[in-house]
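Subject: Structure handover

Hello,

Here is the structure I promised you. Please open it first, then read the notes below.

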Amino acid sequence: MKFFSTLPYGHYFVAMVMCVAGVLIANVLGRLVEQLLEKRVNAQLRMVLGKSVRFVIVLIALLCALSHLQINLTALLGAAGIMGVAVGFASQTSLSNVICGLFLILERPFKIGDIIDIDGTLGVVDSIDFLSTFIRAFDNRLIRIPNETMMKAKITNITSFPIRRADLPVSVAYSEDPARVMQLLRDTCNANPACLVEPEPLIIFAGLGKTSLDFTVCVWIDRTQFLAVKNSLLCEIKAAFDREKISPAYPPVVAHVNPDEFEFLRRRAP
Amino acid sequence: MMWGKVAEDCEGRLGELVFWLRKMQGGWRIGWIYAEKDEVPEMTADAVLWRRFAMPEVGIRLTPVMPDTPIVLRPAAPLTIFPGHTEKVYVSVPVVLRVESDEPVPFVLCELATRRLSLSWFGRDTKEGRMCYALKTRAREMCPSVEEPDALCRAICPLEVVNASREARAFERFCLHAPRMNIFRDSRGLLWSNRSRVTYRGAAAREEAFLDPNAPDESLPSECIAWAREAPGGNGLPGILNFFA
C-alpha cells in the first residue's frame with residue numbers, strides 16, 4: 001500500500017495512457033504491416049508478422065508504463081528470467097508447436113482453403129495458428145490438430161494442382177470382348193465434355209479377375225468439378241453398358257451335390 | 001440472321017443450342033436445351049433450362065462472342081510445314097450466344113455456347129498450364145462458304161503458320177487465344193475473327209505470335225459486331241506457355 005501511496009495520481013494516469021496508447025498503436029501498426037504485406041507474402045505469414053508487431057509494441061508500452069511508475073525493471077527482468085526457465089520447462093510442447101507452426105507457414109505444404117488428408121482426416125484448412133491448425137471436416141466438424149503433429153504426419157494436399165485424375169475400377173463378365181469394352185469406355189469418356197481431352201483418358205485392362213474382367217478408367221478432371229464429373233461418368237458408363245448389353249460381373253455360385261446324399265434325400269421325400 | 005435487337009418472343013437454333021426468349025410483364029424468360037444435329041428437342045418443363053430476369057421494359061440484344069477460354073485446336077491430320085514456308089489455314093470456332101439488355105445500359109443476362117466443347121489441359125505438365133477448350137479442326141486451306149452447316153454460328157479465324165526454323169515441323173495442335181479476339185460480320189452474314197500469325201523459330205526459341213487487330217482481308221467489307229473480352233496486350237500473347245506443341 002505504501003508503494004502506491006508514494007507516487008502522485010498523475011503518474012498512474014500517465015502509465016494507464018501509455019498502456020492504452022500502446023495497445024492502439026500496436027493495433028494500427030499491426031494492421032498496417034498486414035496491409036503492406038498483403039500482396040507480398042501469404043496469409044499465414046502475414047498474420048504471424050502482424051501479431052508479432054502487436055506483441056512487441058504492447059510489451060514496450062508496458063515496460064515504459066512500469067518504468068514511469070518507478071518500478072525497478074532490472075529486478076523485474078531478473079525475476080522474469082528465472083520465471084522464464086520455469087515456464088520454459090513447463091511449456092516445451094507449446095513452444096514446439098509454435099516453432100512447428102512457423103515451419104508450416106514457411107514451408108507451405110498447404111494454405112488456408114486447401115483440402116488436405118492428414119492421416120485419414122479429410123477436410124478444408126480453416127486456419128493455421130501459432131499452436132495448432134484447424135481443419136473443417138466435410139460433415140462440419142472442426143478438428144484441431146497441434147502443429148507438432150502436423151509436422152510429423154503424412155499430409156496429402158488434394159487441391160494443390162488444378163487438375164486431378166480419377167481412377168474408376170470397372171468389371172464385366174468373362175463372356176465380354178475386352179476390346180469392345182475398352183472402346184466403349186473410351187467413347188464414354190470422350191463424350192463427357194468435362195473429362196479432359198488432354199491428358200487423354202487411359203483405359204487399362206487391369207487383369208483377369210477370379211470372376212470378372214477388370215478394367216481401370218483413368219480420366220483427368222478439373223479439380224473443382226471432381227466429384228460431380230466422377231459421379232456423372234459412372235452413371236454414363238452404366239448407361240452405356242445397359243445400352244450395349246454388356247453383362248456386369250456376377251460372382252458365379254457353383255453347387256456340388258453328393259449323389260449318395262441326393263439319393264438318400266430323394267428316398268425320404270414323401 | 002437473328003443477331004441484333006429482339007423486342008418480342010422468339011426462338012431459334014444455333015448449332016447444338018436451341019433457345020426460347022419469352023417476354024413477360026416486367027422481364028424476360030430465357031430457356032435453352034442442347035440437342036444433337038438433326039435431333040428435334042421436346043420443349044418439356046423438365047428438359048429445358050429456364051432463367052428469369054426481372055428488368056425494365058426494354059428489349060434484348062443477341063450478340064455472337066468468342067469463347068471465354070483459349071481453345072486448343074487439333075488438326076484432323078497433323079500439318080507438316082517445310083522450313084521457310086508459310087501456310088495459311090482457316091479454322092472455324094463455334095461462337096457463344098450473348099444475351100444482353102439493350103438499353104439504357106447493356107447488361108449481360110447470360111451466355112450460351114452454341115456447341116459444348118470439351119475441356120483440355122494445355123501445359124508442359126500437369127502442374128503448370130491452363131484449362132482450355134478442345135476442338136478438332138480440318139484446318140482448311142480454303143475459306144469456308146456460307147452454305148456450310150452451322151456456318152452462321154461459327155467464327156472463321158485465318159491462321160498463318162510460319163516455319164522460320166531450319167527443319168520441317170509437324171504441328172499437332174495450336175492454342176488460339178479466343179478471349180482476345182473480336183468478331184466481324186461480312187456482307188454475306190459470315191462471322192470472322194482476327195487474323196493470327198505464329199512464327200516457329202526452332203525448339204529452343206520462343207514462338208512469336210501476332211494478332212491483327214483489324215478485320216481479315218477476306219471478310220471485307222465487314223463490321224465489328226463484338227469486341228474481345230480481354231485487351232490485346234500487345235502483339236505477343238503472354239499467358240500461353242507454348243503456342244505449338
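How many salt bridges are there between chain A and chain B? The count is 2. A salt bridge here is a side-chain nitrogen of Lys or Arg within 4 Å of a carboxyl oxygen of Asp or Glu. B:Arg74 forms a salt bridge with A:Glu198, and their closest N and O atoms are 2.3 Å apart.

Before you go on: this is a predicted model, where local features need pLDDT of at least 70, side-chain atom pairs count only at pLDDT 80 or more, and totals for chains, interfaces and linings use all residues. Residues are numbered from 1 along each chain as its sequence is written, chains are lettered from A and ligands numbered from 1 in the order in which they are written, and side-chain values use heavy atoms, with hydrogens and water left out.

**The interface**

In contact (heavy atoms within 4.5 Å) are 15 residues of chain A and 11 residues of chain B. The two chains bury about 1100 Å² between them, 65% of it on carbon and sulfur atoms. Buried area is the accessible area (1.4 Å probe) that two parts lose on being put together, summed over both. A:Pro193, A:Val197 and A:Glu198 supply 47% of what chain A buries against chain B, more than any other three residues.

**A sheet in chain B**

Chain B has an open sheet of 4 strands, in the order S12-S13-S7-S16, with mixed pairing. Strands are DSSP runs (E, at least two residues), numbered from the N terminus. Two strands pair if DSSP finds at least two bridges between them. S7 (residues 71-75) and S16 of chain B run antiparallel, joined by 3 bridges. B:Val72 has B:Cys175 in S16 as its bridge partner.

Best wishes
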